There are 4 protein chains.
Amino acid sequence: MPVKKICVVVTARPSYSRIKTALTAIKKHPKLELQLVIAGSALLGRYGNAVEFIEKDGFEIAEKVFMVLEGENPTSMAKTTGLGVMELANVFYKLQPDAVITIADRFETIATSIAASYQNIPLIHIQGGEVTGNIDEKVRHANTKLADLHLVASEDAKERVLKMGENPTMVFNTGCPSIDLAHEIKVNSKLYFDPIQKYGGVGEKIDWEKGYLVVMQHPVTTEYESARKDVEKTLEAVYELDIPTFWFWPNVDAGADGTSSGIRSFRERKKPKNIHFFKNMEPNDFLLLLANSKCLIGNSSVGIRECSYLGVPVVNIGTRQNRRQRGNNVTDTQYDKKAILEAIKERIACENITSSSIYGDGKSGEKIAEILANTEIPFHKTIQY
Amino acid sequence: MPVKKICVVVTARPSYSRIKTALTAIKKHPKLELQLVIAGSALLGRYGNAVEFIEKDGFEIAEKVFMVLEGENPTSMAKTTGLGVMELANVFYKLQPDAVITIADRFETIATSIAASYQNIPLIHIQGGEVTGNIDEKVRHANTKLADLHLVASEDAKERVLKMGENPTMVFNTGCPSIDLAHEIKVNSKLYFDPIQKYGGVGEKIDWEKGYLVVMQHPVTTEYESARKDVEKTLEAVYELDIPTFWFWPNVDAGADGTSSGIRSFRERKKPKNIHFFKNMEPNDFLLLLANSKCLIGNSSVGIRECSYLGVPVVNIGTRQNRRQRGNNVTDTQYDKKAILEAIKERIACENITSSSIYGDGKSGEKIAEILANTEIPFHKTIQY
Amino acid sequence: MPVKKICVVVTARPSYSRIKTALTAIKKHPKLELQLVIAGSALLGRYGNAVEFIEKDGFEIAEKVFMVLEGENPTSMAKTTGLGVMELANVFYKLQPDAVITIADRFETIATSIAASYQNIPLIHIQGGEVTGNIDEKVRHANTKLADLHLVASEDAKERVLKMGENPTMVFNTGCPSIDLAHEIKVNSKLYFDPIQKYGGVGEKIDWEKGYLVVMQHPVTTEYESARKDVEKTLEAVYELDIPTFWFWPNVDAGADGTSSGIRSFRERKKPKNIHFFKNMEPNDFLLLLANSKCLIGNSSVGIRECSYLGVPVVNIGTRQNRRQRGNNVTDTQYDKKAILEAIKERIACENITSSSIYGDGKSGEKIAEILANTEIPFHKTIQY
Amino acid sequence: MPVKKICVVVTARPSYSRIKTALTAIKKHPKLELQLVIAGSALLGRYGNAVEFIEKDGFEIAEKVFMVLEGENPTSMAKTTGLGVMELANVFYKLQPDAVITIADRFETIATSIAASYQNIPLIHIQGGEVTGNIDEKVRHANTKLADLHLVASEDAKERVLKMGENPTMVFNTGCPSIDLAHEIKVNSKLYFDPIQKYGGVGEKIDWEKGYLVVMQHPVTTEYESARKDVEKTLEAVYELDIPTFWFWPNVDAGADGTSSGIRSFRERKKPKNIHFFKNMEPNDFLLLLANSKCLIGNSSVGIRECSYLGVPVVNIGTRQNRRQRGNNVTDTQYDKKAILEAIKERIACENITSSSIYGDGKSGEKIAEILANTEIPFHKTIQY
């Protein structure tokens with residue numbers, strides 16, 4: 001039996017963590033061949049140079065696709081996506097994969113979906129069926145409707161994909177590969193390195209050894225003009241709290257400039273002594289940092305997902321993670337300095353946070369590879385009702 | 001109250017008939033302003049020069065978007081769509097509409113959906129919720145998941161859109177504007193012109209006055225290599241039947257070359273005396289031609305939709321209209337000469353075909369304009385379950 | 001010493017004849033490796049499917065680039081070129097050639113030049129330094145200014161490239177590879193096949209065996225609206241002359257529709273009994289057809305170039321070949337029925353047409369390969385004065 | 001007589017200074033109408049937000065064209081240019097100008113040239129005929145070969161354009177509009193504002209009032225990997241010299257990251273007390289700053305051009321301005337700390353620097369407008385020899 005060529009398109013740093021153990025499992029599987037395409041902001045230094053980590057992890061890259069238009073506004077997001085369709089159409093025409101994997105719900109993931117499905121290549125969507133509160137919501141469900149096979153991360157998500165009319169034989173709850181990474185971390189969770197020494201970053205050399213916070217706040221696309229104002233609330237709360245804090249710059253999105261310039265301007269004005277800023281970190285190190293932190297603050301999906309498995313307290317701000325299934329580690333709050341401040345205090349004080357396996361049990365990568373190897377994936381479908 | 005700017009993107013000849021009376025109603029409505037964008041094959045002579053009919057009908061065109069890549073294969077379909085996203089992103093950035101309308105399910109309609117929704121412009125999808133059997137099926141439902149307001153053409157479609165998790169206050173059954181045109185025709189349905197004299201075309205000058213067939217067969221995207229073989233079955237059946245026939249060339253799609261070259265080659269070989277070929281016709285004239293025909297043969301949606309209202313017999317071939325709601329005017333058959341031949345004979349003989357209003361009652365255009373004028377359309381949403 | 005990777009981009013059917021023997025020589029040369037890229041209209045059935053001939057000739061194709069935008073107007077020419085730059089930038093990034101060859105002066109050839117030179121890849125321009133009368137003139141000299149090495153086809157052209165300020169050590173007169181093909185033909189020039197039997201075509205089955213004309217008339221870009229009117233003059237002259245004639249459809253260019261529809265409309269009206277129409281022919285067969293014809297009529301560069309070597313009489317119409325160096329085989333005339341008619345008669349009667357080696361002596365392909373193998377090509381330059 | 005529509009495409013901050021007074025003169029001229037298109041990095045905050053200055057100066061912007069692809073490497077430069085051709089083709093199709101102006105020699109300026117000339121719109125090239133040492137050299141002369149009218153900035157440049165074979169009636173030495181700005185400054189040259197107070201910037205608050213240096217060093221494209229090393233030499237020299245210095249970040253180009261990261265890293269390591277860094281300045285303020293400085297250091301063309309008129313000493317480093325005509329204000333040096341250091345000292349000490357009008361006498365803008373109003377510009381041409 002011939003080996004199946006599985007083409008995976010990674011378009012951004014956070015997506016890599018969401019797929020890494022599956023990539024390893026596909027690469028190892030005797031019935032599968034991995035064709036890894038790195039595209040978009042995953043190729044750019046400004047957004048953390050994911051491509052370097054990926055190569056360091058030993059993956060061979062079949063194609064690199066430069067497709068990000070400058071502008072960081074909604075128009076350039078749309079144009080980046082359009083360019084992505086054109087470029088990825090070429091890539092799939094060239095690689096002739098037996099199936100293509102598109103990951104989650106970033107705006108440019110629909111480019112992968114269109115380029116594959118329009119060329120009659122079976123499309124696999126990873127992590128569909130979840131619910132959030134901005135353009136990602138539209139993109140994720142549109143990906144579902146373009147995809148032929150659905151590998152979702154929770155029971156909740158599976159049920160939703162089925163309700164949308166997908167074929168039950170083509171929907172599997174595999175959990176999320178990011179939990180596989182958390183699983184490895186959890187077993188041996190000591191923070192063995194000095195973050196500032198290893199990653200540099202900017203700002204004061206904070207005294208993190210007795211406990212620290214982590215912040216990661218992204219702009220929310222449909223509200224991008226207020227991104228600057230929103231991040232200021234968090235900055236003020238964290239500044240006032242005066243606990244040593246590691247703060248991560250946002251990834252590329254419309255409004256990144258808003259969030260980034262909000263942070264930059266606050267730094268210039270207040271020169272906060274308790275905050276140290278990082279651009280990014282290797283995924284494993286980042287998880288270790290989280291696992292040892294007092295609390296994660298912001299609106300990253302890592303708070304909902306990996307932190308639920310790790311049992312790390314989270315203060316989730318604003319609408320970005322709306323309606324995603326949560327463990328008992330999360331407190332939700334609004335863009336309000338006082339509310340954020342109170343929520344952090346309450347979370348830090350909380351003692352009974354438990355680990356949850358809503359999003360997986362640490363074996364997702366292998367499960368995904370097995371399903372790919374053993375499922376015949378069609379390239380067309382009709383709605384079930 | 002300020003006037004709402006409604007931007008409608010027409011990308012192909014058949015889409016124009018599906019929206020024409022709505023365009024008129026929007027243009028006339030005191031609370032609405034029409035921004036008409038003509039794109040894709042609607043601009044090209046090869047595909048019937050829809051733009052000329054549109055201008056002749058008195059519509060002002062705000063922008064023309066050249067976006068069709070040559071190739072007529074799945075790769076060029078994908079690239080055309082990507083280019084469409086880039087170009088339409090510019091257009092919407094420039095026109096700043098209050099809402100954008102995307103029509104039905106042709107492959108390039110998702111370009112309109114992405115360019116609008118990514119720029120946070122409310123997106124309206126016309127004619128979602130139906131079911132067919134190829135790439136259109138994926139595109140249509142993906143459009144639904146990107147759209148904020150849904151104006152569907154039948155109760156069946158409405159129910160399906162709701163099941164997919166859309167907000168019930170944003171789903172309306174308006175019927176299809178193409179039925180409005182059929183309604184006008186029905187009232188006074190005499191074929192007042194000589195089709196060959198008015199439209200030229202190629203082939204023998206057939207004696208149509210005592211009754212004639214109409215054929216319109218498009219390639220089916222997921223089966224595009226067999227397009228040539230498929231059309232030959234219909235050609236042979238119609239040739240053997242020896243009834244005067246008007247045959248319409250297919251519109252642009254991957255495989256159009258297959259269908260077209262099948263037709264061309266048959267013509268050279270058999271020089272059929274009973275078939276006259278047209279490239280296209282003004283929509284009204286085409287409906288009049290249908291209304292006076294003995295039977296429509298092929299796989300056009302006109303057979304399911306307009307012909308059900310007109311009560312014209314239809315032989316529907318193959319999978320292209322699978323699972324679309326039908327009136328009693330339709331017989332389904334496969335790509336098989338004998339089956340097609342029998343079906344045509346049976347249909348022609350049938351006496352009790354009645355008009356149906358499944359797809360509208362002739363007032364769709366006005367209903368659409370009223371809903372647009374009176375509904376506040378959001379530009380984000382979350383799934384209902 | 002490592003082998004040099006030479007990437008050649010062929011974008012159209014006529015360009016293939018202009019480079020074919022050089023491709024063969026590069027492929028065979030021990031110090032060179034051929035990377036053949038087929039792009040643009042060379043991939044499209046409508047324009048003669050050059051890619052099929054190329055594959056049949058035994059060349060392996062490294063990349064296929066679909067880049068032609070429909071429209072056949074000046075705007076789509078520009079957009080096709082822009083898309084070509086984007087696509088070819090990817091291709092060269094992927095192939096990492098040691099040098100890139102761009103051929104002559106078609107509008108899209110500048111895409112090759114930009115994609116290579118902007119990526120600091122040495123650029124070789126074939127057939128620069130000539131003079132004509134439309135957009136090709138601008139494109140050709142712009143290619144010269146972007147190129148690092150110039151392989152020209154005549155002494156006249158060499159002198160012109162030097163005058164433009166290019167480095168004399170980087171300009172070589174190799175003659176034109178198309179003359180190599182003419183050279184092979186000349187040795188054994190009997191028309192061994194029946195053109196109509198072998199190539200089909202449309203129109204009457206003319207009696208060509210006692211002598212025939214060949215016509216090839218392309219639209220002239222800067223005058224594209226008059227293309228239809230211009231071709232009518234030639235049609236009328238040839239029709240009146242009533243000598244058996246093989247007429248070739250024009251290749252892709254803005255206005256092709258003008259010329260083509262002019263031809264089509266004339267055919268419908270006059271049903272000329274002495275003209276048979278071909279879409280295209282394998283290059284060798286075409287040369288053989290020319291070598292045995294009474295006269296070539298139109299504005300193809302084949303008349304100036306190959307026919308001068310073959311000693312075939314030519315009536316050259318209009319401005320398209322303005323100021324290209326000519327042999328004594330050519331008579332120039334304007335778009336005027338009477339003038340064309342007289343010129344054809346005069347040419348056919350003429351007895352003393354001799355073969356000329358202005359454009360090469362039949363060894364161009366090998367000369368080109370030798371120069372590529374033995375020249376170190378820089379990737380930047382400054383003007384000589 | 002109808003007014004002539006002149007479309008000017010500004011793609012970067014420095015180009016704006018090179019055209020500003022011509023824009024004003026075109027806008028005022030009764031026979032001309034200005035269509036101003038702002039494109040590329042001129043729209044982006046990262047590169048100085050030229051668009052804001054332009055709007056503040058009272059110009060109405062007809063179209064904004066987002067076309068910059070992220071990557072800052074040669075591949076993204078090529079793709080940005082290709083995208084520019086596609087987008088500008090749309091813009092010119094829409095605006096229907098009577099002539100288009102492309103400015104100087106940045107890589108993306110050829111996009112303007114292609115989009116205009118391929119659509120048969122007369123193309124005007126400003127500031128052709130000069131000589132430099134990288135990709136700009138190729139782009140500039142290719143622009144010349146695509147252009148129909150040439151408005152050059154010096155006699156030297158005029159002679160070169162003529163030698164390239166352009167029509168003498170279509171080549172005018174108007175001088176450079178940037179000298180017009182220098183002319184205004186010169187009349188009243190007091191530095192009336194505090195640069196740090198007005199523009200912020202980063203780094204120490206230096207004591208500039210008793211005299212200061214200005215540095216502006218861009219990466220050189222064909223050597224872009226060494227950009228980081230090159231800038232370090234200048235940094236070290238200026239650091240050692242310990243004179244208050246205003247340093248400007250480089251503009252967008254392949255390798256900007258090299259230069260920028262070289263600067264950033266030097267700042268972190270040495271924390272230079274005598275250097276203050278600016279992103280950019282309004283053109284007038286920048287000229288005033290130069291006019292009052294002891295010396296300009298780097299490789300900006302401002303040193304060759306505006307500073308020759310202002311009589312400001314310049315240390316020009318490396319190959320970027322090779323072979324541009326110079327006044328007696330310039331000393332050339334290599335990427336060598338000691339050489340740079342000595343050159344600065346020598347220049348500062350020099351007393352007899354005089355103003356030169358090589359590049360204009362302060363009336364260029366008006367001259368340009370007059371020529372545009374009174375010249376009939378063709379849209380095709382043939383080389384003169």
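Predicted model: local features only at pLDDT ≥ 70, side-chain atom pairs only at ≥ 80, totals over all residues.
The corresponding stretch of chain D can be read in a similar way. There, helix α7 (residues 155-163) has Ala157(D), Lys158(D), Arg160(D) and Val161(D) as its buried residues. They cover an arc of only 165° around the axis, which puts them on the same side of α7(D). Their packing partners in chain D are α6 (135-146), β6 (149-152) and β7 (171-173), and α7(D) is followed by Gly165(D), whose phi is positive, near 105°.

The same surface serves both copies, since 95% of the contact residues of chain C recur in chain D. To this contact chain C brings 42 residues, while chain D brings 41 residues. On the side of chain C that touches chain D, the helices α4 (74-95), α5 (109-117), α6 and α7 of chain C each supply at least two residues, and it is α4(C) that gives the most, with 12 residues.

Elsewhere in chain C, the reader can find an open sheet of seven strands with mixed pairing, whose order is β8-β11-β10-β9-β12-β13-β14. At its edges lie β8 (202-203) and β14 (330-333) of chain C, each of which pairs on one side only. Within the sheet, strand β9 (residues 213-216) of chain C pairs with strand β12 (residues 295-298) of chain C in the parallel sense, over four bridges. In this chain, Met216(C) has Gly298(C) as its bridge partner in β12(C). Helix α15 (residues 337-349) of chain C packs on the sheet, where it touches β12, β13 (314-317) and β14 of chain C, and its direction makes about 170° with that of β14(C).

Turning to chain A, we find a division into domain 1 (4-176 + 361-374) and domain 2 (184-349), and the centres of these two domains of chain A, taken over C-alpha atoms, are separated by 26 Å. One strand of chain A to look at is β4 (residues 99-103), which is mostly covered, with five of its five residues buried. Ala99(A), Ile101(A) and Ile103(A) point one way from β4(A), whereas Val100(A) and Thr102(A) point the other way, and all are buried. Strand β1 (residues 4-10) of chain A pairs with β4(A) in the parallel sense over three bridges, and Ile6(A) has Ala99(A) as its bridge partner in β4(A). Strand β5 (residues 123-126) of chain A is joined to β4(A) by four bridges, and these two strands run parallel; here the bridge partner of Ile103(A) in β5(A) is Ile126(A).

Note on methods: Residues numbered from 1 in each chain as written. Chains lettered and ligands numbered in written order. Pairing = 2+ DSSP bridges. Contact = placed C-beta atoms within 7 Å. Axes fitted to C-alpha atoms, helices over the stretch in contact; angles between N-to-C directions. Domains from an automatic or database assignment. Buried ≥ 20, exposed ≤ 12 C-beta atoms within 10 Å, placed from the backbone. Arc of directions from axis to C-beta.
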